[in-house]
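Here is a friendly walk through one protein model. Have a look at the picture, then read on.

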Amino acid sequence: MSTRSHYYLSIADLAQARGPVQALSYDGAGPNDLAAAVQNAMRTPELFEHWRAMQDEPDDVDPSLGAVDPQATASARVADLRTDMDLITDLPMSIVRHRLNLLIGNSWQLRDMRKA
């Protein structure tokens, strides 16, 4: 049985938060768009499957990286000069990190993580 985690994240400059591959990168305009993109990336296999198809040997990609959490939730808001995001999911940090990096590169910071 997996444990749900509450990830507290921040993005210093949302306007510059883009992943390294344009076809996979977040392209929204605000915190609500970001939350929707992250939530979709955790709930569905779309982002993972698109990334996997781009690999030299897609069949060699570990299928466990494609795990999803249909109950994942994400919300984001502007706080001071940064964007804060709350993500609640039972996906492990390794998968969360991979998908965030695809969407927004290294623009994010994990501020805290607790049991949800």
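Is aspartate 80 buried or exposed? Aspartate 80 is exposed, because its relative accessible area is 68%. Here, exposed means over 50% relative accessible area, buried means under 20%, and partly exposed is in between, with a 1.4 Å probe and protein chains only. You'll find aspartate 80 in the loop between strand E2 (73–79) and strand E3 (82–89). Aspartate 80 also has a positive phi of about 60°, although it is not a glycine.

Some ground rules before going on. This is a predicted model, in which local features need pLDDT of at least 70 and side-chain atom pairs count only at pLDDT 80 or more, while totals for chains, interfaces and linings use all residues. Residues are numbered from 1 along each chain as its sequence is written, and side-chain values use heavy atoms, with hydrogens and water left out.

**The overall picture**

The protein has three helices and four strands; these are DSSP runs numbered from the N terminus, with helices (H or I) of at least four residues and strands (E) of at least two. Follow the sequence along and the pattern reads β-α-α-β-β-α-β. The radius of gyration is 14 Å, close to the 13 Å that the globule rule gives for 116 residues, so the protein is as compact as a globular protein of that length. That radius is taken over C-alpha atoms, and the rule is 2.2 Å times the number of residues to the power 0.38. Along the principal axes, the C-alpha atoms fill a box of roughly 45 × 35 × 20 Å.

Of the 116 residues, 41% are buried. The accessible surface is about 6600 Å², and carbon and sulfur atoms hold 48% of that; the areas come from the Shrake-Rupley method with a 1.4 Å probe, and for residues only the protein chains shown count as cover. As for contacts (heavy atoms within 4.5 Å), take those with a separation of 6 or more: 72% of them join residues 24 or more positions apart.

**Where two helices meet**

Two packed helices are described by the angle between their axes and the distance between the axes. Helix H2 (residues 46–53) and helix H3 (residues 93–104) have axes that come within 11 Å and cross at roughly 75°. That makes H2 roughly perpendicular to H3. The axes are lines fitted to C-alpha atoms, for helices over the stretch in contact, and angles run from 0 to 180 degrees between N-to-C directions. Angles of 65 to 115 degrees count as roughly perpendicular, under 35 as roughly parallel, over 145 as roughly antiparallel and the rest as oblique.

Which residues do the meeting? From H2 come Leu47, Phe48 and Trp51, and from H3 come His98, Arg99, Leu102 and Leu103.

Leaving aside neighbours within four places in sequence, leucine 24 is in contact with Leu47, His50, Trp51, Met54, Leu102 and Leu103. Leucine 24 counts as buried, because its relative accessibility is 3%. By contrast, glutamate 46 in helix H2 is exposed, with a relative accessible area of 53%.

**A buried aspartate**

Aspartate 69 lies in the loop between H2 and E2. It is buried, with a relative accessible area of 2%. Not counting residues up to four places away in sequence, aspartate 69 touches Arg4, Met42, Arg43, Ile88, Thr89, Asp90 and Leu91.

**Pairs of residues**

Alanine 36, found in helix H1, counts as partly exposed at 46% relative accessibility.

| Pair | Apart in sequence | C-alpha to C-alpha |
|---|---|---|
| Glutamate 46 and leucine 24 | 22 residues | 9.9 Å |
| Leucine 24 and histidine 50 | 26 residues | 7.5 Å |
| Alanine 36 and threonine 73 | 37 residues | 8.8 Å |
| Aspartate 69 and valine 21 | 48 residues | 24 Å |
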